[in-house]
Amino acid sequence: MISQARKEKLIKICQELIRCPSVSGQEEKVAEAIKKNFQELGYDECYIDSYGNVIGHIKGNGNGKGKAILFDGHIDTVPVTDELKWTFAPFSGEISEGRIYGRGASDMKGQVSAMMAAAAYFAEDTGKDFNGDIYIAGVVHEEIFEGVAARKISDAISPDYVVIGESSELNLKIGQRGRAEIIIEVFGKPAHSANPEKGINSVYKMAKIIDKIQGLKPTVHKELGEGILVLTDIKSSPYPGASVVPEYCKATFDRRLLVGETKESVLAPIQKLLDEMMKEDSELNAKVSYAVGAEVCYTGETITGERFFPGWLFD
Ligand SMILES: [Zn+2]
């Protein structure tokens, strides 16, 4: 049950978290604030892992073997670009007309606070008379590296069920398309732009690839829609290319992933297309791969991985 005192406690936690700025990679203050609140709320155990994720644990007193349920929310936020444009200061946690304002209030400090408080109140109300374990996790580095830091938590506690508190207009969402970042590189040959025929212009070659890629048929899933593939950026080298035929060109594609798609199955049609094009054009040298990301955590640890985050769907 939610009493007035419990409601006030929850509001206080949420305001406290909003008052700790926490852009990705700088979540230390908010993680410490969450840990302190886990302790005050009577969690059996709480700790911060090597990436800086903060985890609280409530153990049921039942003597049967129960399941482990994990309530998950990220504690990093996107940055504040212009504080002056905010009606309420972004790190004030100010309340106006029944709403708490601030950077991350709905993404996801509000939800993390609610899950922290709800689990503690449930434990109090039941006297922990249940089988199993409840975990609440505040995850770092979600905004720029979705899913990577969360895997460490799953590995550590092997949950049977996971509830993600991300905003969904209070609807229950049972699936999500995944995302991959695909890199296509073309290796050409530099030449002075006065004699372009002596070189291989990597951008001209890339233009042909981009054209052909748009003709690839997207994969389709009846609930998740299409496995869209779209160009998001392109770079050539040298840059600026003052009087030089560019020897290198790199294009990034964003690919939405459907359930069941694998690292191999996603690249296969692109690789096949490149193989065919290279067979027809002996000067074309192209390569496809996944982008690799590396981010430093506030703990000093680096997380790395290919940018491939699978889709999922439950019945
Ligand atoms: Zn979010």
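**Helix packing, a pocket and some backbone geometry**

Helices α5 and α6 are oblique to each other. This is a predicted model, and I will start with that pair of helices.

Helix α5 covers residues 202-213, and its axis lies 11 Å from that of α6 at an angle of about 130 degrees. The reason for calling the pair oblique is the cut-off: angles over 145 degrees would count as roughly antiparallel, and 65 to 115 as roughly perpendicular. The crossing is right-handed. On the α5 side the contact has Lys 208, Ile 209, Lys 212 and Ile 213, and on the α6 side Ile 270, Leu 273, Leu 274 and Met 277. By class, this contact has six nonpolar residues, two charged and no polar ones.

Helix α6, residues 263-280, turns up again in the second largest pocket, where four of the lining residues belong to this helix, the largest share. What is the volume of that pocket? It holds about 210 Å³ of space. There are 16 lining residues, and the closest to the pocket centre are Leu 216, Lys 217, Pro 218, Gly 227 and Leu 229. Eight of the lining residues are nonpolar, four are polar and four are charged.

Helix α1 runs over residues 4-18, and its axis comes within 9 Å of the α2 axis, crossing at roughly 160 degrees. That angle makes α1 roughly antiparallel to α2. The crossing of α1 past α2 is right-handed. From α1, the residues in contact are Lys 9, Ile 13, Glu 16 and Leu 17; from α2 they are Val 30, Ala 33, Ile 34, Lys 36, Asn 37 and Glu 40. Sorted by class, that gives five nonpolar, one polar and four charged residues.

Helix α2, residues 28-40, also packs on α3, residues 105-126, with axes that come within 11 Å and cross at roughly 20 degrees. Here α2 is roughly parallel to α3. This crossing, too, is listed as right-handed. Which residues of α2 meet α3? They are Val 30, Ile 34, Asn 37 and Phe 38, and their partners in α3 are Lys 109, Val 112 and Met 116. The α2 and α3 contact counts five nonpolar residues, one polar and one charged.

Last, the backbone. Most residues other than glycine have a negative phi, and most peptide bonds are trans.

Where is Pro 238? It is in the loop between β12, residues 229-237, and β13, residues 248-257.

Then there is His 141, a residue other than glycine with a positive phi, near 60 degrees. His 141 is in the loop that runs between β6, residues 133-139, and α4, residues 148-157.

Note on methods. Residues numbered from 1 in each chain as written. Predicted model: local features only at pLDDT ≥ 70, side-chain atom pairs only at ≥ 80, totals over all residues. Heavy atoms only, no water. Axes fitted to C-alpha atoms, helices over the stretch in contact; angles between N-to-C directions. Helix = DSSP H or I, 4+ residues; strand = E, 2+ residues; numbered from the N terminus. Parallel < 35°, antiparallel > 145°, perpendicular 65-115°, else oblique. Left-handed = near helix turned anticlockwise from the far one by under 90°. Contact = heavy atoms within 4.5 Å. Nonpolar A, V, L, I, M, F, W, Y, C, P; charged D, E, K, R; others polar. 1 Å grid on protein atoms, 1.4 Å probe; cavity = no way out; pocket = protein on both sides within 12 Å on 5 of 7 lines; lining within 4 Å. Points joined across faces, edges and corners; volume = space filled by probe spheres on them.
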